[in-house]
Amino acid sequence: MSEFFVYLRPPKAVRHDALGELMARDGKAVLNRGLTAAREAKKDEFYTRYVDIQKEVEAYLEFDQETFRDKVVYCNCDDPFESNFFKYFAANFNRLGLRKLVTTSRKGSTIAGMQLTFDEYIQGNRTPKRPNAVAVEIEEVTDLNGDGARDIEDVRLFLEQNPHRRTRLQGDGDFRSPECVALLREADIVVTNPPFSLFSEYVSLLIQNDKRFLIIGNTNAITYQDVFPHVMANQLWLGCTNFNVGMFFEVPDSYTKFHHIDEATGKKMARVSSSCWYTNLDHGRRHRPLSLMTMSDNLRYSPGLKGKEAYDRYDNYDAIEVGTYKEIPSDFDGVMGVPVTFLDKYNPDQFEIVGTLESSNPDNPYRTRWYTVQDQKDSFYRRFGKAGNIPLNMSGVINDVKVYKRILIRHRRPAEGDNS
């Protein structure tokens, strides 16, 4: 059996594989200077809409109303009051039953202090245009303004009247700083939109500290070499909403490229097509079993298999090719290669993930079969009758044709029947 890209356990350490541009498909070849360039170019200043946070969080409450009760929620990539994560959890503090809400900002944030200015932002700061990093902690929300409700306006008054709940951080507010890691260790659930360029490192920090989380990341991150092992180990999965449809984010006024201006807020909005929620909080969608047809019925009725007498098999791994989750046969016991989008339908009670057909890297010991240059030239000649070179070293290959990246799965409890 040929080698393939498979993880048997989570990695012990994490590299900066996901560094680089926001829309990068991967970051395997990016050097540390790529991170600095991304940060300087403000590529990670995308702020999540309130409605998207509300929609995602409410989905977990439908599954378990006690998800956040008596929990310390930490938003460690968010400006106090300006962040919609902070606004949502502050406004719903009592309804969710939180024990504490903590948020930390990053020094130099372009939005810090726009809605609520803290002295801590400028104390000892020689360059007021770059506000200091601060931490805010809230342990209760009461009706301070006497309007009969306990909401975000009460939080505003609370923070103005209780400066001891605001702390100027000694560092820059980076989620990896000792101050922020100490706050992380005291938290129960982390909810935020971390820098896309640091996603692998961010996830690693959360898992190393055994934290529950609900975060946003690049859709492609699910196949990063330092993220996919956590998917296999059932330490991370997709959230409830917005998968494979993209999301809109608020961006700073300085951005010249944006999608539209929101009529209600006046904010510039950018659309990021490859973005989704990641979590290790349980939700009902991941336990819905897929209703599947048998192999013979798929071959007979599925449009994508029209005219085929059997499922295709890979040249470089013993598995069948399944072009869409709808064509997964209910009665096949072996390994199946499915598109990455299958993970949105993945039920860990129904399927087991055994690996992935990865884009080949000659230095990667878990690569798929590495075709020689001569193999590629011969394949091109067989197909086109002239000299050339066909790229066989990417993902799965069927009859010398590259198949896009595939997740390798098999049934946990395969049904009895024809498995030919």
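The model is predicted, with local features requiring pLDDT of at least 70 and side-chain atom pairs counting only at pLDDT 80 or more, while totals for chains, interfaces and linings use all residues. Residues are numbered from 1 along each chain as its sequence is written, and side-chain values use heavy atoms, with hydrogens and water left out.

Helices (H or I, at least four residues) and strands (E, at least two) are DSSP runs, numbered from the N terminus; two strands pair if DSSP finds at least two bridges between them. The sheet is open, with 8 strands in the order E5-E4-E3-E2-E6-E7-E12-E8 and mixed pairing. Strands E5 (166–168) and E8 (237–238) are at the edges with a single partner strand each, so one side of each has no neighbour in the sheet. E8 pairs with E12 (residues 275–279) in the antiparallel sense over 2 bridges, and Leu238 stands opposite Tyr278 in E12.

Contact means heavy atoms within 4.5 Å. Axes are lines fitted to C-alpha atoms, for helices over the stretch in contact, with angles from 0 to 180 degrees between N-to-C directions. Helix H3 (residues 84–91) lies across E2, E3, E4, E6, E7 and E12, at about 165° to E3. Helix H7 (residues 199–208) lies across E6, E7 and E12, at about 170° to E7.

With a disulfide defined as a pair of cysteine sulfur atoms within 2.5 Å, the count is 0. The sulfur of Cys75 is 9.3 Å from the closest cysteine sulfur, in Cys77, which is too far for a bond. Cys180 is in no disulfide either, the nearest cysteine sulfur, that of Cys77, being 8.3 Å away.
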